[in-house]
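Let's take a friendly walk through a protein model together. Have the sequence and the 3D view ready, and follow along.

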Amino acid sequence: MLLMMGIAFFSSRILLRELGVNDFGLYGVVGGVVAMFGSLRGIFASSIQRFLNFEMGRGNTAQLNKIFSMGVILHLILSVIFLLLAETIGLWFLNNKLVIQPDRYVAANWVYQFSVLASIATIMTVPYDAVLIANERMKAFAYISILDAFLKLGIIFIISYLGNDKLILYGFLILVVSLITRSVSMAYCKKNFEESKLKFTRDKKLFKQIGTFAGWNFLGNTSFTLSNEGVNMVLNIFGGTAINAARTIAYQVKSVTMQFVSNILMAVNPHLIKLYSQDKNKEFTDLLFFTSKLSFFVLFILCVPIYLFAETILILWLVNVPNYTIVFVQLILIYLLVRAFHNPIDTLFKASGKIKYYQIIESITLFLNLPISYILLQSNFEVHSVFIVMIIIEAVNLVLILYLAQRMNQLNISNYLIKVIIPCVLVTITAVPISFILVKSNIDSSMYIHFLYIIIVVLICGLSIYLLGFNKKEKAMLYKTLISRRKLIN
């Protein structure tokens with residue numbers, strides 16, 4: 001992750017320089033199809049993965065190949081639906097509603113088509129990702145991710161020397177990289193996992209179970225991704241591609257930062273689902289609460305120094321920082337900290353399989369981002385108000401799904417508040433004021449002094465987390481894990 005974060009930040013800097021602010025923003029809004037379905041990859045993978053892990057927990061290996069094959073068929077159907085929507089409604093919206101410079105419409109359409117093809121490649125390999133995660137082959141997943149990062153880094157150097165229209169060339173090469181990494185993932189799974197060999201089978205009951213689960217999952221998470229990408233399009237309507245450039249940079253910070261938590265959840269989720277399938281309720285709840293806190297604390301130790309030194313970091317990273325980028329980055333970091341509690345609760349509902357009402361609440365609540373943001377910008381509010389709306393709606397959504405979990409006897413809110421929320425609040429109200437006062441007392445503008453202060457802030461956050469965030473049992477668990485990893489490395 002550290003390697004990939006370095007590559008991502010370096011690539012963004014060069015890409016912004018090579019494409020320019022307007023083309024960089026144009027790719028952010030038109031190529032948002034790739035970003036949207038790239039995030040949906042993990043969402044759909046979790047649907048297939050849930051059924052694989054549930055049967056693994058029961059020791060029912062005979063069902064694994066059936067589940068995988070059904071997953072492939074479902075994603076083939078999804079690819080066809082996506083293609084039809086993309087080439088009708090999506091193409092119409094691109095050419096009639098987005099604010100694009102007249103001389104860039106041809107480039108925008110080429111990038112759009114490349115994005116659609118890359119998205120289809122991603123969708124069709126989702127079941128293979130699910131097999132990797134369900135079998136907890138994190139090393140293979142990491143190597144494929146690193147390959148993807150290095151290939152994208154290579155693209156940056158290629159467009160620096162080739163191509164009359166660098167935006168079109170960049171869109172095409174991103175498609176090529178997507179096809180390569182997806183092919184590697186498929187080949188690895190076919191070689192190492194018997195269940196990943198496609199066999200056409202008829203099982204109406206299983207197809208209905210997976211289809212229903214994936215359908216409800218699709219509803220809630222599509223609202224989430226559409227509200228995010230939809231807000232990006234709303235920003236385009238009111239601010240043009242220059243605003244999209246600032247938002248794209250903020251979301252790259254979000255994506256890289258969130259990957260740290262995503263990888264923790266990717267490693268923990270299979271075990272959580274197995275515990276649930278074996279009716280080990282206490283172990284399941286303890287691990288769920290621990291994961292919730294760990295997700296928040298990992299983000300906290302990353303977000304606080306980035307927030308306080310956003311201007312310094314962005315100038316060092318990008319040199320020429322587009323307008324609104326700093327405030328966009330700071331607000332998206334606050335949003336991430338609120339969102340950190342969501343994903344473990346999401347796993348709770350998926351493990352139980354009771355996701356209908358959960359996804360209905362999610363789809364309605366999160367989709368409110370889009371109309372509210374449009375109304376605010378139409379009323380001449382500042383463009384960063386859309387991020388404030390996201391934060392508030394995410395907090396409301398968390399309260400609603402916690403209440404639903406308690407109503408369904410899946411969670412006790414009092415225990416959750418005591419064991420998860422209160423430790424996180426204590427850490428926040430301790431570390432943030434101390435860090436803020438320390439930073440404001442710094443009158444030296446030297447870059448070296450700023451980095452020294454960043455390290456001090458990280459240490460303050462880490463110490464607060466250790467002293468106030470974890471109980472004795474959790475500290476012992478962390479210590480045991482670190483010792484075992486140290487022995488493994490040695």
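## Charged pairs and a nonpolar patch

The side chains of E394 and R339 come together in a salt bridge, at 3.1 Å from N to O. E394 sits in helix α16 (residues 385-407) and R339 in helix α12 (residues 325-339), so this pair ties together parts that are 55 residues apart in sequence. A salt bridge here is a side-chain nitrogen of Lys or Arg within 4 Å of a carboxyl oxygen of Asp or Glu. Side chains of opposite charge can pair when their charged atoms come close.

Before we go on, note that this is a predicted model, where local features need pLDDT of at least 70, side-chain atom pairs count only at pLDDT 80 or more, and totals for chains, interfaces and linings use all residues. Residues are numbered from 1 along each chain as its sequence is written, and side-chain values use heavy atoms, with hydrogens and water left out.

Are E394 and R339 buried or exposed? Both are buried. Buried means under 20% relative accessible area, exposed means over 50%, and partly exposed is in between (1.4 Å probe, protein chains only). Helices are DSSP runs (H or I, at least four residues), numbered from the N terminus.

How many salt bridges does a search of the whole structure find? The search finds six. Here are some of them:

| Pair | Closest N and O atoms |
|---|---|
| D165 and R104 | 3.0 Å |
| K282 and D286 | 2.9 Å |

Take the salt bridge between D165 and R104. D165 lies in the loop between α6 (138-161) and α7 (166-192), and R104 in the loop between α3 (64-96) and α4 (105-124), so the pair ties together parts that are 61 residues apart in sequence. D165 is partly exposed at 23% relative accessible area, while R104 is buried at 14%.

K282 and D286 are four residues apart in helix α10 (residues 281-308), which means that about one helical turn separates them. K282 counts as exposed at 55%, and D286 is partly exposed at 29%.

Now look for a nonpolar patch on the surface, whose members include L417, I422 and Y466 and together have about 930 Å² of accessible area. Patch residues have over 30% relative accessible area and no salt bridge, and nonpolar side chains (Val, Leu, Ile, Met, Phe, Trp, Tyr) are joined within 5 Å. Accessible areas come from the Shrake-Rupley method with a 1.4 Å probe. Helices α17 (413-440) and α18 (447-469) each supply at least two residues, and α17 gives the most, with six. I422 is found in α17 and is partly exposed, with a relative accessible area of 44%.

Technical notes. Patches are made of residues with over 30% relative accessible area and no salt bridge: like charges are joined within 9 Å, nonpolar side chains (Val, Leu, Ile, Met, Phe, Trp, Tyr) within 5 Å.
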